[in-house]
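Good morning, and thank you for making time for this item. I shall go through one structure, moving from a single contact to a sheet, a hairpin and a pocket.

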Amino acid sequence: MLSKADIEKDLQTFQVAQGKIVSVHTSLKAVGDIEDGGETLLSALIEFFTAKDGVLCIPTHTWDSNVYDMRKAESCTGVLSRLAAGHPAGKRTAHPTHSVAIFGERQKVEEIVRIEEHSITPASPSGCMGRLYDEDGYVLLIGVGQNKNTFLHCVEEMLCVPNRLTKETIAHTVIRPDGRKEIKNIYCFDEENFCDASVFFDKFEPAFRYHGAIIDGRIGNAPVQLCSARKMKEVVEQIYQNNQFGELLDNDNPLDEKLYK
């Protein structure tokens, strides 16, 4: 049974990310049995990554519905995500499909919440995901692979990779904590005309490793990758440029090493 002290010890591998902005994707099942369950892991993550004025971001996505009710701690991205959505120490953004629970120093949290109000794509470079790049932050993958790395959607938008977003906006309803309803029109991933590109994001991992973008560790039974946002963006950009921006994510064929070496 994993204790909070065990988790805190495991997190020491990732001290380089303290004081930075960090986005976390987690599989609790992969971590194994934890004393008091996901609440213990969430508490450890908050304390570790908000130390030294850092900011912790936990995706609390609701892309499986056209209605996002901020009064409810609901999310379609796992147990830890739902716990974060309702945690009193955090503040959740109002993005209708890709909300994030933010933890840390109040002014920094409020600023991210504010800029997310204007996001009209799932992972806008001008929103929370873009901050990971702007502020030299990190993505922490606990027991999951790059196919869960939302930041890579942001990178593709930065690079204007075609065939990713719908041509027209789609209306979503956001219900505010005070019960007010509003309609937000946003561009969504165009999965009707193209596959879910994130399914094949794992293809980038060998390139990230070749360029030193990943620090490996473990939390409990789960392998963990701490990934530099800036290095990931630079590597993906190099790959697309070398491929003359041809499509890379419509199949599971490994990347040609010539694209990143």
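Let me begin with a definition: a polar contact is a pair of N or O atoms within 3.5 Å, and within protein one of them must be able to donate a hydrogen and the other to accept it. Please keep in mind that what you see is a predicted model.

With that term in place, consider threonine 121. A polar atom of the side chain of threonine 121 lies 3.5 Å from the backbone nitrogen of serine 124. Where does threonine 121 lie? Its place is the loop between helix H5, residues 106-116, and helix H6, residues 128-134. Is threonine 121 buried or exposed? The relative accessibility of threonine 121 is 6%, and buried means under 20%, so threonine 121 counts as buried.

I turn now to a sheet. This open sheet has three strands in the order S3-S7-S8, and the pairing is mixed. Strand S3, at 67-69, and strand S8, at 181-186, stand at the edges; each has a single partner strand, so one side of each is left without a neighbour in the sheet. On average, neighbouring strands of this sheet are turned by 25° against each other, direction ignored. Strand S7, residues 170-175, pairs with S3 in the parallel sense, over three bridges. Within S7, threonine 173 is the residue opposite valine 67.

The next element is a hairpin. Strand S9, residues 214-219, and strand S10, residues 222-228, pair over six bridges in the antiparallel sense. Leucine 226 in S10 is the bridge partner of isoleucine 215. The hairpin of S9 and S10 has two residues between the strands, and glycine 220 takes a positive phi near 60° there.

Finally, the largest pocket. Its volume is about 780 Å³. Which residues of the lining are the closest to the centre of the largest pocket? Of the 33 residues that line the pocket, these are His61, Trp63, Cys76, Thr77 and His98. Two or more lining residues come from each of strand S1 (21-26), strand S2 (55-59), helix H4 (79-85) and S7. S1 gives the most to this lining, with three residues.

Thank you; I am glad to take questions.

Definitions and conventions. Residues are numbered from 1 along each chain as its sequence is written. This is a predicted model: local features need pLDDT of at least 70, side-chain atom pairs count only at pLDDT 80 or more; totals for chains, interfaces and linings use all residues. Side-chain values use heavy atoms; hydrogens and water are left out. Two strands pair if DSSP finds at least two bridges between them. Helices (H or I, at least four residues) and strands (E, at least two) are DSSP runs, numbered from the N terminus. Axes are lines fitted to C-alpha atoms, for helices over the stretch in contact, and angles run from 0 to 180 degrees between N-to-C directions. On a 1 Å grid over the protein atoms alone, a cavity is a set of points where a 1.4 Å probe fits but cannot get out, and a pocket is an open set with protein on both sides within 12 Å along at least five of seven lines; lining residues have an atom within 4 Å of a point. Grid points are joined across faces, edges and corners, and a volume is the space filled by probe spheres set on the points. Buried means under 20% relative accessible area, exposed over 50%, partly exposed in between (1.4 Å probe, protein chains only).
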